[in-house]
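Subject: Handover of a structure

Dear colleague,

Please find below the structure I am passing on to you, together with its sequence. My findings follow directly after it.

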Amino acid sequence: MAESLFMQDSWHSNHGYEAMLDFQISWLMRLAAEKEVEKPRLHEVSKDVLLRLVGKTGNKNIEIKKVEVWRQWASIDVVAEVDLIVDGKPEQHLVVIEDKAYTMLHNDQLVRYKKVVSEAYEGKREIHYWVITFFDKSEKDKKKYDTLKQDCDDAGWRLLSFYEVIDWKEDFKPTGSDLFDEFWIKTWY
């Protein structure tokens, strides 16, 4: 895998990784709702990401009507209202994402965020809580990943590692989008 020139400079600091992930996730989810696209492969991947986040993978009869995204709403990294038509019926979802690149969860973050979201959205939308982490199941990160997984399980959130977001595999095909391919396919963290 080639190294990213965009995400890696001589500083070699990971400061800012979470902000970049927030923008990428926001962009991908909004792109999934677009009707006219220049890059069909990128659109396919963005729809796959959004449908994974709302638990609708495998269903072919889905129309993505609208996606609205907020970053740093109530200190939560990403919150997205997603309107779908599934098998001819409207559905309203809310995707809540907290990402972790270099720190662990702290001060009952997930419990506090879930309370804020529940007060604003309970009964209005089906809510999906996610933590996306740059820690993975490798030997180097296993302890941090396992700790995050347990914290997520305890708080009723789900955990995805960075490459699980896009269902990345060794044979993952580039999308033709420099912005996407540089961030998701090349090595930088």
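In this predicted model, the crossing of helices α3 and α4 is right-handed. Two packed helices are described by the angle between their axes and the distance between the axes. Here α3, which covers residues 109-121, and α4, which covers residues 142-155, pack at an angle of about 35 degrees, and their axes lie 9 Å apart. On the α3 side the contact involves L110, V111 and K114; these meet D151, C152 and A155 of α4. Sorted by class, that contact comprises four nonpolar and two charged residues, with no polar ones.

Rolling a probe the size of a water molecule over the atoms shows where empty space is left. The largest pocket holds about 410 Å³ of space, and 18 residues line it. Nearest its centre lie E44, V45, K47, D48 and K60. Which element gives the most to this lining? It is α2, with six residues. Helix α2 spans 40-53, and β1, spanning 62-73, likewise supplies at least two residues of the lining. The lining of the largest pocket divides into nine charged, six nonpolar and three polar residues.

As to the chain as a whole, its secondary structure comes to six helices and five strands. Read from the N terminus, the order of these elements is α-α-β-β-β-α-β-α-β-α-α. The C-alpha trace spans about 50 × 45 × 25 Å along its principal axes. The radius of gyration of the protein chain is 17 Å, which agrees with a compact globule, because a globule of 189 residues would have a value near 16 Å.

With kind regards

Notes:
Residues numbered from 1 in each chain as written. Predicted model: local features only at pLDDT ≥ 70, side-chain atom pairs only at ≥ 80, totals over all residues. Heavy atoms only, no water. 1 Å grid on protein atoms, 1.4 Å probe; cavity = no way out; pocket = protein on both sides within 12 Å on 5 of 7 lines; lining within 4 Å. Points joined across faces, edges and corners; volume = space filled by probe spheres on them. Helix = DSSP H or I, 4+ residues; strand = E, 2+ residues; numbered from the N terminus. Nonpolar A, V, L, I, M, F, W, Y, C, P; charged D, E, K, R; others polar. Axes fitted to C-alpha atoms, helices over the stretch in contact; angles between N-to-C directions. Left-handed = near helix turned anticlockwise from the far one by under 90°. Contact = heavy atoms within 4.5 Å. Rg over C-alpha atoms; globule rule 2.2 N^0.38 Å.
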